[in-house]
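Colleague: Hi! I'm new to this one, could you walk me through it?

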Amino acid sequence: MESSCSSTPRWNLDRPFLTGRFHQEIKGISRFVADAKGFSLDSFSSGLENPIGCYDAAVQELIVIDDLLFALVGIEGRYISIKRVHGKVDAITFQVDASMDLALQELAKRIFPLCESFLLIDQFVESRSQFKNGLVNHAFAAALRALLLDYQAMVAQLEHQFRLGRLSIQGLWFYCQPMMGSMQALSIVIRKASANNYAGSAVLNLLQSQAKAMAGDNAVRSLLEKMTQSASNAYLSILERWIYEGAIDDPYGEFFIAENKSLQKESLTQDYDAKYWRQRYSLKEEVPSFLANIAGTILTTGKYLNVMRECGYTVQLPVSENSKLMTFGSNHQYLECVKAAYEFASGELLSLIKEKYDLIGKLRSIKHYLLLDQGDFLVPFMDIAREELLKKHDEISVEKLQSLLDLALRTTAAAADPCHEDLTCCVERSSVLKGLSRLKDLEIRNVSDSNDLEEPMSITGLEAFSLSYKIQWPLSIVISRKALTKYQLIFRFLFHCKHVERQLCGAWQMHQGVRALNTRGTAISRSSLLCRSMLRFINSLLHYLTFEVLEPNWHVMHGRLQAAKSIDEVIQHHDFFLDKCLRECLLLLPELIKKVEKLKSLCLQYAAATQWLISSSVDILKLEEQSDGSVGSENSKQWKSRNPSQVQKVMTRNSAVTDSILKFEREFNAELQNLRPILSSSSQAEPYLTHLAQWILGVGNDQ
């Protein structure tokens, strides 16, 4: 920060007569020059040829008073000298001639703390008035300078009384008493501030803590509170602009809110961790104690106003005399100002995002497509894109998928949705389970089992396909990259379930096509029962996901968004909705989701084998009909004897078909049985699984 500040001119440091320190240093410099030239200062100083002890007590008192008046403004006297420790700016002591009367020495030493305090304060004022020390130090130094003017006026009045012969050393001690406590209290503050090089909030906190420590001395406490008030004026002007305009005008980096300009709003659509909203503006460690309880509110207020400025809206709170943040104190008026600014900024931003940018409409559109609320476009899309989706994920043309998606959207009811153009498609490089591991802020149960997150050797487009959505600023604050990723994970799971359902429906239609044949006691009837059980399983799963999880949670979130009072509440409710949906959709239960994926895989294998099973069973029936068609047992035997190879072929194929169906049935039932205890135990800890457990276990019982 210092590099952006103006520097103190070098001549202000090199030429001591432009500062107040020449009074303190000129004597030492003159002596050094005199010694270097080989003569003594004594020849120029008629009053120093004798020690002060040579004079009687009355004369000594006059000399001591005169020296003390000089010492009170930081100038060495004839018999009172200033001793400094090299390298320690605040190590200053006053010394008296050893021959001085003991009573006078004692009285002089009582006044020395006031002289030392003046020197420290004067030195602090000069050093902290430099540009690099910040606005708070500048304001504090200005307040101290005004105090020193009153102090110097008091010394001038004492000197006037001394010239009139009306001031004794006891009188001097008496008149110094009112300033003694105040100056010493300030010197304590200055020593701490100088030793730790305090600036900004640290100075204000130091002044406040010292004022509280001096609660027993009303005069000193009032002075320190006044100093705190003066030092905080510049700070409050920075605060005022932040909560009323959303801008940080902080050239010295003193404000307790830090701005990270490297984070831009465009990053919200790419950055998974949404750092812009959380880290573009953040609280520093050092916060003024009187603002500590409302620091978060202040940060949020400015953030809201800044969002509106980024949107091109110049929104400024109507400022009245009562809303000026020029003072703080026991009346807590500044707290009311901050509260009013927060309510205004929150209401304006919420109104902007809800009405101007139609947040609810955008979320509803995302629900239509990514949560398959109105999935009528999905059927034609899966039909026309089937060939492309069956390829491996690294062989798929995303451009071709996008054109097919656009075609499906234009030929369905989705064409009436003005937001359908924001829908895009993408092909992920990993499975759903692998994608879940990217959700850093969510705890995946039993994640220690490495097999749970096992990546398939090669996934097809059906497992890798996903939809995405173009989100513009400022809606990207709510629908961030992380939120969109959660929507996509739910969509991929639903999409694959829909694919399994379509395949099983195709298998069921094939079974219905051979109903006219006499299939009683054949493998076809057994296969038909298995197909029905698989359809019940996948339909129960889809019903649970859509009607038991997504719809109820959406309505709860919708009601909460309508009642939200701030954009942070909107973000909180939206994130809670997504996390709850992920959890209740089984995606955060790896043990359960692994079993479900295995069952889906079995269903797909069975559906793929159905055509062979049905055609083989039909061929077997036809051969048996040919055998049965020969009238009489003799003719049947003769036909079998004449066609032994065909008979053997029939028996072999019949055995293979039956074995295949039985194998699918055993594996499907085994997986259902394995799922039973997991669902039963999980439903006790997670009540929302109760209905799913009843439906799935009902399928198992039918088997």
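Predicted model: local features only at pLDDT ≥ 70, side-chain atom pairs only at ≥ 80, totals over all residues.

Colleague: Thanks! How many helices and strands does the protein chain have?

Modeller: The protein chain has 24 helices and six strands. Of its 703 residues, 48% count as buried.

Colleague: And what share of the contacts with a separation of 6 or more comes from residues 24 or more positions apart?

Modeller: Residues 24 or more positions apart account for 75% of those contacts in the protein chain.

Colleague: Let's look at some helices. At what angle do α3 and α4 pack?

Modeller: Helix α3 (residues 57-71) and helix α4 (residues 102-128) pack at about 5 degrees, and their axes are 11 Å apart. Angles under 35 degrees count as roughly parallel, so α3 and α4 are roughly parallel to each other.

Colleague: Which residues make that contact?

Modeller: From α3 there are Ala57, Gln60, Glu61, Val64, Leu68 and Ala71, while α4 brings Leu104, Ala108, Ile111, Phe112 and Cys115.

Colleague: I'd like to hear about Cys176 too. Where is Cys176, and what does it touch?

Modeller: Cys176 sits in helix α6 (residues 169-196). Not counting residues up to four places away in sequence, Cys176 touches Leu72, Ile111 and Leu114. Cys176 and Leu114 are 62 residues apart in sequence, yet their C-alpha atoms are 8.0 Å apart in space.

Colleague: Is Cys176 buried or exposed?

Modeller: Buried, because its relative accessibility is 0% and the cut-off for buried is under 20%.

Colleague: What about other cysteines, say Cys54 and Cys311: buried or exposed?

Modeller: Cys54 is exposed, with a relative accessible area of 54%. Cys311 counts as buried, at 16% relative accessibility.

Colleague: How many disulfides are there?

Modeller: Zero: a search of the whole structure finds no disulfides.

Colleague: OK, on to α7. How well covered is α7?

Modeller: Helix α7 is largely enclosed by the rest of the structure, because 10 of its 13 residues are buried. Among the buried ones are Ser201, Val203, Leu204, Leu207 and Ala211. What covers the buried residues of α7 includes α5, α6 and α8.

Colleague: How does the span of α7 compare with what you'd expect?

Modeller: α7 covers residues 201-213, and at 1.5 Å a residue those 13 residues should span 18 Å; the end C-alpha atoms are 18 Å apart, so the two agree.

Colleague: You mentioned α5. Where is Asn137, and is Asn137 buried or exposed?

Modeller: Asn137 belongs to helix α5 (residues 134-163). Asn137 counts as buried, at 1% relative accessibility. Leaving aside neighbours within four places in sequence, Asn137 is in contact with Phe124, Arg128, Tyr198, Ala199, Val203 and Glu254. Val203 is also among the buried residues of α7.

Colleague: And α8, where is the kink in that one?

Modeller: The kink in α8 is centred on Asn233 and is about 40 degrees. α8 runs over residues 218-245, 28 residues in total, and reaches 38 Å from its first C-alpha to its last, close to the 40 Å expected. Just after α8, Gly246 takes a positive phi of about 75 degrees.

Colleague: Where do Leu372 and Leu586 lie?

Modeller: Leu372 lies in the loop between α12 and α13 (378-384), and Leu586 is in the loop between α20 (567-584) and α21 (590-629). Leu372 is buried, with a relative accessible area of 12%, and Leu586 counts as buried at 1%.

Colleague: How many residues of α12 are buried?

Modeller: 11 of the 12 residues of α12 are buried, and the helix is mostly covered. They include Leu359, Gly361, Lys362, His368 and Tyr369.

Colleague: Last one: where is there a cis peptide bond?

Modeller: The bond from Trp473 to Pro474 is cis, with omega near 5 degrees. Pro474 lies in the loop between β6 (465-469) and α18 (481-513).

Notes. Residues numbered from 1 in each chain as written. Heavy atoms only, no water. Helix = DSSP H or I, 4+ residues; strand = E, 2+ residues; numbered from the N terminus. Expected span 1.5 Å × (residues − 1). Bend = angle between axes of the 7 residues up to and from the residue. Disulfide = S-S within 2.5 Å. Buried < 20%, exposed > 50% of the residue type's maximum accessible area, 1.4 Å probe, protein only. Axes fitted to C-alpha atoms, helices over the stretch in contact; angles between N-to-C directions. Parallel < 35°, antiparallel > 145°, perpendicular 65-115°, else oblique. Contact = heavy atoms within 4.5 Å.
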